[in-house]
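Here is a friendly walk through one predicted model, with the cut-offs spelled out along the way. Please have a look at the sequence and the coordinates before reading on.

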Amino acid sequence: MSKLDLSLKKLMVTRRSIRVMSGEPITKEELNEIFEAARWAASEWNDQPWRFLYAWAGTPEWELMFPVINEKNQKWTAKAS
């Protein structure tokens with residue numbers, strides 16, 4: 001087994017998916033970085049049908065968008081930045 005195989009295995013074993021949101025606000029610059037990373041993400045047949053909608057918590061837009069999210073995802077989204 002190569003060093004790369006071992007490091008990949010370690011990464012996979014130690015990977016964590018945190019499911020708790022702090023609600024700490026993010027800046028517009030941070031949000032733009034997230035959108036840029038998503039824009040470069042791989043997609044099927046290199047056909048990026050990306051459409052991003054976002055709203056800041058506590059805004060009228062948030063009040064319109066939040067009910068559209070399915071109930072299971074509302075639980076964590078309510079505390080997202």
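## A loop residue and its surroundings

Isoleucine 26 sits in the loop between helix H1 (3-14) and helix H2 (28-39); helices (H or I, at least four residues) and strands (E, at least two) are DSSP runs, numbered from the N terminus. Residue numbers start from 1 along each chain as its sequence is written, and side-chain values use heavy atoms, with hydrogens and water left out. Since the model is predicted, local features need pLDDT of at least 70 and side-chain atom pairs count only at pLDDT 80 or more, while totals for chains, interfaces and linings use all residues.

Isoleucine 26 counts as partly exposed because its relative accessibility is 25%. On this scale, buried means under 20% relative accessible area, exposed over 50%, and partly exposed in between (1.4 Å probe, protein chains only). Leaving aside neighbours within four places in sequence, isoleucine 26 is in contact with Leu31, Ile34, Trp56 and Ser81, where contact means heavy atoms within 4.5 Å. Isoleucine 26 also lies 9.7 Å from alanine 80, C-alpha to C-alpha, although 54 residues separate the two in sequence.

## The chain as a whole

The chain has four helices and zero strands, giving the order α-α-α-α from the N terminus on. Of its 81 residues, 9% count as buried. Among the contacts with a separation of 6 or more, 36% join residues 24 or more positions apart.

## Aromatic rings

How many aromatic pairs does the structure hold? There are four, counting rings of Phe, Tyr and Trp (its six-membered ring) whose centres lie within 6.5 Å; planes under 30 degrees apart are stacked, over 60 edge-to-face, and the rest tilted. Phenylalanine 35 and phenylalanine 52 make a tilted pair, with 5.0 Å centre to centre and 35° between the planes. This pair links distant parts of the chain, 17 residues apart: phenylalanine 35 belongs to helix H2, and phenylalanine 52 to the loop between H2 and helix H3 (60-65). Ring pairs also bring Phe35, Phe52, Tyr54 and Trp56 together as a cluster.

| Residue | Relative accessible area |
|---|---|
| Phenylalanine 35 | 21% |
| Phenylalanine 52 | 39% |
| Asparagine 73 | 29% |

## Helix H4 side chains

Asparagine 73 is part of helix H4, and its side chain makes a polar contact with the side chain of tryptophan 76 at 3.0 Å. A polar contact is a pair of N or O atoms within 3.5 Å; within protein, one must be able to donate a hydrogen and the other to accept it, and residues adjacent in sequence count only if both atoms are side-chain atoms. Glutamine 74, also found in helix H4, has a side chain that reaches the backbone oxygen of isoleucine 69 at 2.9 Å. Not counting residues up to four places away in sequence, glutamine 74 touches Phe66, Pro67 and Ile69.

## The largest pocket

The largest pocket is lined by 16 residues, with Leu53, Tyr54, Trp62, Thr77 and Ser81 nearest its centre. H2, H3 and helix H4 (71-77) each supply at least two residues of this lining.

Key: 1 Å grid on protein atoms, 1.4 Å probe; cavity = no way out; pocket = protein on both sides within 12 Å on 5 of 7 lines; lining within 4 Å.
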